[in-house]
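Please read these notes with the model open beside you.

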Amino acid sequence: MAIASVNPATGETLKTFEAIGPEELENRLAAAHATFRTYRTSAFSERSRLLKRAASLLEEDQEDIARTMTSEMGKPLVAARAEAAKCVKAMRWYADHAEELLADEHPSDADVKDSGASGVTVRYRPLGVVLAVMPWNFPLWQVVRFAAPALMAGNTGLLKHASNVPQTALYLGDLFHRAGFPDGCFQTLLVGAGAIEGVLRDPRVAAATLTGSEPAGRSVAAIAGDEVKKTVLELGGSDPYVVMPSADVDRAARVAVTARVQNNGQSCIAAKRFIIHEDVHDTFAERFTARMEALSVGDPMDESTDVGPLATEQGRADLEELVDDAVRRGAQVLCGAGRSGDRPAGWYYLPTVLTGITPEMRIHHEEAFGPVATVYRVSGLDEAVSVANDSPFGLSSNVWTRDAGDMERFVQDMEAGGIFFNGMTASHPAMPFGGAKRSGYGRELSDHGIKEFCNITTVWTAA
Ligand SMILES: O=CCCCC(=O)O
């Protein structure tokens, strides 16, 4: 895939970029490694000062970078501004909390007495150069949620961003440079996917994190496994959104729309499968469909737009195939299921609600990466849990119920990395983020995220 910004609202190529050559790649790897040697022992106070400076610069740049993101990948401008603001918040959170999150730990004397130690300390030391392979859907946030903790822990980072968001990728490299981080601390590598293997196998690279598709994750994990290098994988999701009879159904139907179409429906944690108890199914389906149908689909730069185009032409073709397959096999269309007739240019797809889904349909098992919802009718809690778990993915989940017994049962049985009650899944700097099953492994954000790229070192001293 060429490295280029192509406006998904028009199909127009805005800017193309040359990949860096082998010599420049080598210079950047060398710089990342050399800088790690000194940066790893820098004081938390210094890292914090630099990260806060980066946060302030990003805050100043909010409007410009939001417009860049929207023009490169089509998210509504309002959402792009919110994404930049969220990055600022996460940077400040890690700048304020990293030292405490990574403070030395001391197992109690009683616990380690029989090890022969006079004392034991557990220290979180940085791992080294970490390669981040990141997707286009939240082109700023996905990178910042890796970079902020990784840099605060004393690692250095190399970014291989998606090929359709090169301007955002370059902005990020520049941002950390302008903030005053030492050269080599955080660098964008404008390279094609073919360069990833060489970088990951390079002995100067210690670990990798990838957010993206399952095939991409499998390939990076296989290479890293071969090299015995640590990975964190955040892959796809097909999150269930369960509504039980005790729920506020109107609110559940309202929030369901945002949960499904956020980011033009292109979010791993978007709710995708709506699993509704039969007592409230018809009311929910009717209100949800009416609201999906009423969304305004249009130019993402227009502040009144709810749903913009899909980011790539291929992404829209993949979504169309998934919907067409379901309809061919008997799914009923409650709304949408087609391109926007008003917008012949650009990669628009109408907000869509399908019902009558069966396991033979691809959409039952695959991730619908766009504004397409599937609605299931279930007869009780057991069936709700069983349908929710009938997916290869296990990223997050949403459950609407006011019944404490139901809640406990869902907490016990949902095969997912998160359960959000009476609301929609959202990430937050202080909450761990990641999945189970084929949604990946490891956690981002919170104390769990910052410790992923640390060498957890036992320091034992003889009595
Ligand atoms: O595709 C993954 C999206 C994550 C969005 C978020 O963290 O809010």
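The points below go from the sheet to the helices and then to a single residue.

1. Basis. The model is predicted, with local features requiring pLDDT of at least 70 and side-chain atom pairs counted only at pLDDT 80 or more, while totals for chains, interfaces and linings use all residues. Numbering starts from 1 along each chain as its sequence is written, and side-chain values use heavy atoms, without hydrogens or water.

2. Sheet. An open sheet of six strands has the order S6-S5-S4-S7-S8-S18, with mixed pairing. Strands and helices here are DSSP runs numbered from the N terminus (E, at least two residues, for strands; H or I, at least four, for helices), and pairing requires at least two DSSP bridges between two strands. The edges are S6 (186-188) and S18 (440-441), each of which pairs on one side only.

3. S5 (residues 156-161) pairs with S6 in the parallel sense, over three bridges. Within this part of the sheet, Leu 158 stands opposite Gln 187 of S6.

4. Helices on the sheet. H7 (residues 166-178) lies across S5 and S6 and runs at about 155 degrees to S6. H9 (residues 214-226) lies across S7 (205-211), S8 (230-234) and S18, at about 175 degrees to S8. Angles run from 0 to 180 degrees between N-to-C directions, using axes fitted to C-alpha atoms, for helices over the stretch in contact; contact means heavy atoms within 4.5 Å.

5. Helix pair. H2 (residues 44-60) packs on H6 (residues 141-153) at about 155 degrees, the axes being 9 Å apart. The two helices are therefore roughly antiparallel (the class for angles over 145 degrees). Phe 44, Arg 47, Ser 48 and Leu 51 of H2 meet Ala 148, Leu 151, Met 152 and Ala 153 of H6.

6. H11. This helix (residues 278-294) bends by about 30 degrees at Phe 284, the bend being the angle between axes fitted to the seven residues ending there and the seven starting there. Phe 284 is also among the buried residues of H11, together with Val 280, His 281, Ala 285, Phe 288, Thr 289 and Met 292 (buried: under 20% relative accessible area, 1.4 Å probe, protein chains only). Their cover includes H10 (249-261), S10 (271-277) and S13 (372-378).

7. Arg 81. This residue lies in H4 (residues 77-101). Apart from neighbours within four places in sequence, Arg 81 contacts Gln 62, Glu 63, Ala 66, Arg 67 and Glu 303. Arg 81 and Ser 115 are 34 residues apart in sequence and 54 Å apart in space, C-alpha to C-alpha.

How values were computed: Buried < 20%, exposed > 50% of the residue type's maximum accessible area, 1.4 Å probe, protein only. Parallel < 35°, antiparallel > 145°, perpendicular 65-115°, else oblique.
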